[in-house]
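Hello,

Here is the structure I promised to pass on. Please open it and keep it in view while you read my notes below.

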Amino acid sequence: TASLRVTDQGVLAWFDRTTKIRSTVRIRPTVWYRVTALIDQDKRTYDLRVTSDGGKLIAGVSGLRWRMPAVRTVGSVCVETAGAPPAQTIDIAEVSVLQDIGS
């Protein structure tokens with residue numbers, strides 16, 4: 001559905017449907033980042049926001065279309081490293097999933 005990655009060049013990349021968009025934002029090793037993904041299951045779109053640990057906006061995009069439109073609902077969160085060098089590690093401090101059930 002939603003996808004945010006760090007490329008083998010160390011920059012952020014995300015998908016809008018099948019189009020991979022590479023940013024110019026470099027991710028620095030040993031720095032903590034906060035990633036927020038807002039997934040709209042009705043519209044099948046998502047927004048991404050990446051901030052520094054201090055709250056500075058690093059990247060923000062809205063209205064991205066789901067990678068696989070056939071997926072009806074989001075049922076899991078997956079975090080993984082790239083399969084190619086350079087070697088990457090992920091240290092997760094917190095994951096929160098909130099569901100807006102409307103009014």
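Start at V61. Leaving aside residues up to four places away in sequence, V61 touches W14, D47 and L48. Bear in mind that this is a predicted model.

V61, W14 and L48 also belong to the largest nonpolar core. That core has 11 residues. Strands β2, β5 and β6 each supply at least two residues of the core. As a rule, nonpolar side chains in soluble globular proteins tend to be buried together.

Now the strands. β5 covers residues 45–52, and β6 covers residues 57–65. They pair in the antiparallel sense over 6 bridges. Look for R49: it stands opposite G60 in β6. The hairpin of β5 and β6 has 4 residues between the strands. In this hairpin, G55 takes a positive phi near 100 degrees.

Next, find the open sheet of 3 strands. Its order is β1-β2-β3, and the pairing is antiparallel.

β2, residues 11–16, pairs with β3 in the antiparallel sense over 5 bridges. F15 has K20 in β3 as its bridge partner.

Best wishes

Note on methods:
Residues are numbered from 1 along each chain as its sequence is written. This is a predicted model: local features need pLDDT of at least 70, side-chain atom pairs count only at pLDDT 80 or more; totals for chains, interfaces and linings use all residues. Side-chain values use heavy atoms; hydrogens and water are left out. Two strands pair if DSSP finds at least two bridges between them. A nonpolar core is a set of buried Ala, Val, Leu, Ile, Met, Phe, Trp, Tyr and Cys residues joined through side-chain atoms within 4.5 Å. Buried means under 20% relative accessible area, exposed over 50%, partly exposed in between (1.4 Å probe, protein chains only). Contact means heavy atoms within 4.5 Å.
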